[in-house]
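Welcome to this short tour. Open your viewer, get your selection tool ready, and follow along one stop at a time.

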Amino acid sequence: MVQIPTNPENLLIELPKAVALYVTPEQFAALAAANRDLRLERTAKGELIVNPPTGWETGKLNATISGELYLWWRNAGEPGKGFDSSTAFVLPNDAIRSPDVSWVSQECWQVLTPEPKGTFANICPDFVVELRSSSDALKTLQEKMREYIDSGAKLGWLIDPQQRRVEIYRPNSAVEVLENLAELLGEGVLPGFVLNLRRVWD
């Protein structure tokens with residue numbers, strides 16, 4: 001029998017990697033509301049993922065990429081909606097994911113009803129960026145990128161600053177792997193958007 005203290009403090013528990021916690025979408029929403037300082041995700045199978053806070057270097061790079069997307073958005077007439085890494089989306093496979101940077105076209109955003117707009121949007125962004133930190137397993141991020149594309153994303157960038165490498169994901173196409181690029185283009189998804197990678201590599 002497990003006894004719960006009548007006035008519990010914050011209790012910490014460490015789980016081995018072989019042990020997973022599974023939550024329903026409703027339980028996930030309640031956890032996210034009670035733990036706003038944590039970046040939580042949920043896999044399609046219901047497994048809860050708790051992402052640790054980013055270090056200063058990754059945080060700086062996230063801000064750089066988000067800032068470049070924001071400048072493009074303002075100069076392009078504010079098309080669609082841009083989001084930072086604190087935003088979660090419910091994908092068609094019931095996974096709840098938070099890309100490091102994302103953008104949703106106005107056409108897709110207008111389809112949402114007012115209720116989802118106030119919670120987790122039931123939509124996959126048209127454009128996603130995942131930035132690999134030193135603690136991220138490459139395979140896990142690659143699986144995440146494929147999940148975005150399978151869920152309807154039109155363009156995705158997996159940026160690995162340590163290796164100065166970018167993987168570009170597109171629907172119905174092989175992943176394009178490029179190294180030591182000077183810039184990335186938004187192609188037809190984000191017309192005119194150019195990410196200067198020197199701001200990321202340096």
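Leaving aside its neighbours within four places in sequence, which residues is Phe127 in contact with? Select Phe127 and look around: Leu69, Val101, Ser102, Trp103, Leu155, Trp157, Val189, Leu190 and Phe193 are in contact with it, where contact means heavy atoms within 4.5 Å.

A word before moving on: this is a predicted model, in which local features need pLDDT of at least 70 and side-chain atom pairs count only at pLDDT 80 or more, while totals for chains, interfaces and linings use all residues. Residues are numbered from 1 along each chain as its sequence is written, and side-chain values use heavy atoms, with hydrogens and water left out.

Buried means under 20% relative accessible area, exposed over 50%, and partly exposed in between (1.4 Å probe, protein chains only). Helices (H or I, at least four residues) and strands (E, at least two) are DSSP runs, numbered from the N terminus.

Six of them form an open, mixed sheet in the order E3-E6-E7-E8-E9-E10; two strands pair if DSSP finds at least two bridges between them. At the edges, pairing on one side only, are E3 (81-83) and E10 (176-179). From one strand to the next, the twist averages 15°. Zoom in on E6 and E7, which run antiparallel and are joined by three bridges. There, Val101 stands opposite Val129 in E7.

Next, bring back H2: this helix packs on the sheet, touching E6, E7 and E8, and its direction makes about 25° with that of E6. Axes are lines fitted to C-alpha atoms, for helices over the stretch in contact, and angles run from 0 to 180 degrees between N-to-C directions. Helix H5 (residues 138-150) lies across E7, E8 and E9, at about 170° to E8.

**Last stop: Asp160**

Select Asp160 in strand E8. Is Asp160 buried or exposed? Asp160 counts as buried because its relative accessibility is 2%. Not counting residues up to four places away in sequence, Asp160 touches Arg132, Arg165 and Trp201.
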